[in-house]
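Hi everyone, thanks for coming. Let me put the structure up, and then I'll walk you through it.

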Amino acid sequence: MNISSFLAWISVILLGLTMLLWLIRIATDKKWFKEGSKLYEFHEKMKKPHEMLGALLVITALVHGILSSAKILSFNWGTASFVAIILLGISRAFLKDENVEKWRIPHRILGIISVAFLIAHLIIIF
Ligand code: HEM
């Protein structure tokens, strides 16, 4: 396996784990648990790893794209997926405690689009 393929699969795992941590956060939503309870704390603890995995994903996906046989600046589903991931990161940068309600939806929609484009990328390759 070459470095590009290795980083490609790492990117898939990172995207999967980021989504998994988000699902755990949904399941342990702060609204439903008392402050200080175990699940409330778990919800809080999943926030940083979710952000860090997302940031790492941008790097591994970029290096994979650069090393792949396709031009990164061309239309292909890999680049489309990467652009969606970048926009996902940008939408996160706008997400602050005071405007969570406004930016949560674009962040979620971009998450779904990133996964959908990645699936298209994988279907076309295999
Ligand atoms: C940055 C833009 C991207 C480009 C230009 C790109 C391009 C490519 C190309 C051309 C291949 C076929 C192997 C090759 O010819 O090198 C490939 C494979 C693959 N890509 Fe991407 N890709 C990009 C982004 C992504 C992203 C964001 C992910 C995952 C989150 C991803 C996951 C994969 C996987 C899993 C494979 C199969 C690897 C293998 O088994 O060899 N790619 N990509």
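Let's start with the ligand: by class, the shell around it has 13 nonpolar, 12 polar and no charged residues. For those classes, Ala, Val, Leu, Ile, Met, Phe, Trp, Tyr, Cys and Pro count as nonpolar, Asp, Glu, Lys and Arg as charged, and the others, including Gly, as polar. Before I go on, this is a predicted model, where local features need pLDDT of at least 70, side-chain atom pairs count only at pLDDT 80 or more, and totals for chains, interfaces and linings use all residues. Numbering runs from 1 along each chain as its sequence is written.

So who surrounds the ligand? There are 25 residues, and the closest are Ser5, Ala8, Gly65, Ser69 and Gly78. Being near here means a C-beta atom, placed from the backbone, within 6 Å of the molecule. H1 gives the most to that shell, 7 residues.

Now the fold. The protein chain has 5 helices and 0 strands; those are DSSP runs numbered from the N terminus, helices being H or I with at least four residues and strands E with at least two.

What about the inside? The largest nonpolar core has 9 residues, among them Leu14, Phe82 and Ile85. A core like that is a set of buried Ala, Val, Leu, Ile, Met, Phe, Trp, Tyr and Cys residues joined through C-beta atoms within 7 Å, and buried means 20 or more other C-beta atoms within 10 Å of a residue's own, again placed from the backbone. H4 supplies the largest share of this core, 3 residues. Buried residues make up 18% of the 126 in the protein chain.

Methods:
A residue is buried if 20 or more other C-beta atoms lie within 10 Å of its own, exposed if 12 or fewer, and partly exposed in between; C-beta atoms are placed from the backbone.
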